[in-house]
Amino acid sequence: MKTTTNCNRRKFLKYAAIGIAGAVTYPSWTQAAGKFTRVNTPSDDFLPDVEIELTMNTADVAILNGEKTRVWKVTGKVITGDSNILDNNEGTYLAPTLRFKKGQKVRMILNNDLPAQSILHWHGLHVPANMDGNPMYAINRGETYIYEFEILNRAGTYFYHAHTHGVTARQVYSGLAGLLLVSDDQEHALHLPSGDHDVPLVIQDRSFDGQNQLVYSASMMQRMQGFLGDRILVNGRPDFVLPVATRAYRLRLVNGSNSRIYKLAWDDGTPMTVIGVDGGLLEKPEQHAYVMMAPGQRRELWVDFSERTVGAELTLRSLQFDIDMHGGMMGHGMMGHRRGMMGGMMSVSTLPSGSDYPILKIRVAKKEQGDNTLPKALTPITELQTKNAANANNPKTITLSMEHMSALLNGRSYKMDDIQPDEIIPVNSLQLIEFDNGFDGGMHGMMMDMPHPMHLHGEQFQIVKREVSAHVTDNYATVSAGLIDGGWQDTVLVMPGEKVTILKPFNDFKGLFMYHCHNLEHEDMGMMRDFLIK
């Protein structure tokens, strides 16, 4: 496939300004006329099993009672393949849910009919660098980008969303995000709950004005903290209620929020049975009192309602936890009300980070027989060995910091074409990487101590260990039991005062692959860099 990058796309200030205006005010844009212009061409030798056309546009959606909400919406149609592989999620702002099988060859035709440049990133998928959605490939209104890749990932719950430089947070908040579900033979052989009993649940927070329009604050303190909405939406709906039958379900939880971290638990104290993480099923089910979920992470639950009576209700809540910021403990919801630097509010949300609030309600609606046997073993996972890492004796350390109104990785902000020697990695190598979020306990000057969900593009990784500084052990104890570290992952929550070590393969594909904080406001502030695989 011939792929060209428009050099003008590197002049980010121009299109960032357009994106900011569109995402904040949501005017009634006039749709572009005529056909879309392709910036790259399909490969003659790529024969897709599945071909899908996706179009990004504006839409008016009924979210709250009364006036409809102006959103940015992706809609799709299947050109080649079974029509059931795509669900447009009509009536919500969510992008289409896509369903693929491992080994399928997929062609995506992405049309941009938005009043801003944009591009989509396939979060968690192992694809070539020019198919990954790097911001350098953002397309203008009236242009088309063609993706071609084979589904190499194991079965799991994956995510896709806008990844446009400087405005990712606004564009995702506006609606440019959806699910991509992969199946394979190993998963199929387990006979897990399927069909109506396999339920994706995308959790997001949003704020609305008096006319039901989305509100997004771009104040510096909101950017430093990360935007927090006033209402929790599930699958694009407020006050979400899931009717279930008296049988087992597979619930696929997705944190699609910009910055909000959830501590999820059942209100009656029932343990949470976790069967999957970012990169698919675990080796065996795990039980936890609660589950931590940072932006971009996915967690799959097995829930058996067979012993509950018709009419019974169960609430999924986000429980209280502590976060250490700016050198002081500001947990128990206080962070949302305390006045911060620059005379502004640290958070204006009525749902402060770390507070207690409901997410969704489950209501047992009918009796139904089903196979409610939880498999004792799920899918085998080969454990990566530190001794096999190319840098086993010299881990690659990435220091996370926020100081002087900047969000930095190893003291650097994002720049295109700014690869440093320590960011060059040999292809087909295994790398030992440490994310250090103030593990030495040092906090100086204007530094802020915050959690950072670190996401690496490309192939998934395994978590080796977590190390925690003594000065944050009390706060850390409010989240530690809900950190699920097994299996394959693509996003890891690194708490203040913590160092997390991972093993990540860089196989098959050369080129630029990003690593960044998945607090989307932090990403837009520059907490993002590229690895060059060569």
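The model is predicted, so local features need pLDDT of at least 70 and side-chain atom pairs count only at pLDDT 80 or more, while totals for chains, interfaces and linings use all residues. Residues are numbered from 1 along each chain as its sequence is written, and side-chain values use heavy atoms, with hydrogens and water left out.

The protein chain has six helices and 34 strands; these are DSSP runs numbered from the N terminus, helices being H or I with at least four residues and strands E with at least two. Of its 534 residues, 62% are buried (under 20% relative accessible area, with exposed meaning over 50% and partly exposed in between; 1.4 Å probe, protein chains only). Among contacts in the chain with a separation of 6 or more, 79% join residues 24 or more positions apart; a contact means heavy atoms within 4.5 Å.

Two strands pair if DSSP finds at least two bridges between them. Strands β33 (residues 511-517) and β34 (residues 528-533) are antiparallel and share six bridges. His516 has Met528 in β34 as its bridge partner.

His123 belongs to strand β7 (residues 120-123). This residue counts as buried because its relative accessibility is 0%. Beyond its neighbours within four places in sequence, His123 is in contact with residues including Tyr158, His161, Arg298, His455, Asp490 and His518. Leu180 is 57 residues from His123 in sequence, and their C-alpha atoms are 9.0 Å apart.

Seven cavities of 30 Å³ or more are found in the whole structure. Cavities and pockets are sets of points on a 1 Å grid over the protein atoms alone: in a cavity a 1.4 Å probe fits but cannot get out, a pocket is an open set with protein on both sides within 12 Å along at least five of seven lines, and lining residues have an atom within 4 Å of a point. Grid points are joined across faces, edges and corners, and a volume is the space filled by probe spheres set on the points. The second largest cavity holds about 60 Å³. Its lining includes His126, His457, Glu459, Lys504, Phe513 and Ile533, and by class has four nonpolar, four polar and two charged residues. Here Ala, Val, Leu, Ile, Met, Phe, Trp, Tyr, Cys and Pro count as nonpolar, Asp, Glu, Lys and Arg as charged, and the others, Gly among them, as polar.

The largest pocket has about 640 Å³ of space. Of its 23 lining residues, Arg99, Ser183, Glu187, His188 and Asp198 are the closest to its centre. Two or more lining residues come from each of β5 (97-101), β10 (177-183), α3 (185-189) and β15 (248-255). The lining divides into six nonpolar, seven polar and 10 charged residues.

The second largest pocket has a volume of about 520 Å³. Among its 24 lining residues, Asp87, Asn89, Val199, Pro200 and Asn235 lie nearest its centre. Strand β11 gives the largest share of this lining, four residues. By class the lining has 12 nonpolar, seven polar and five charged residues.
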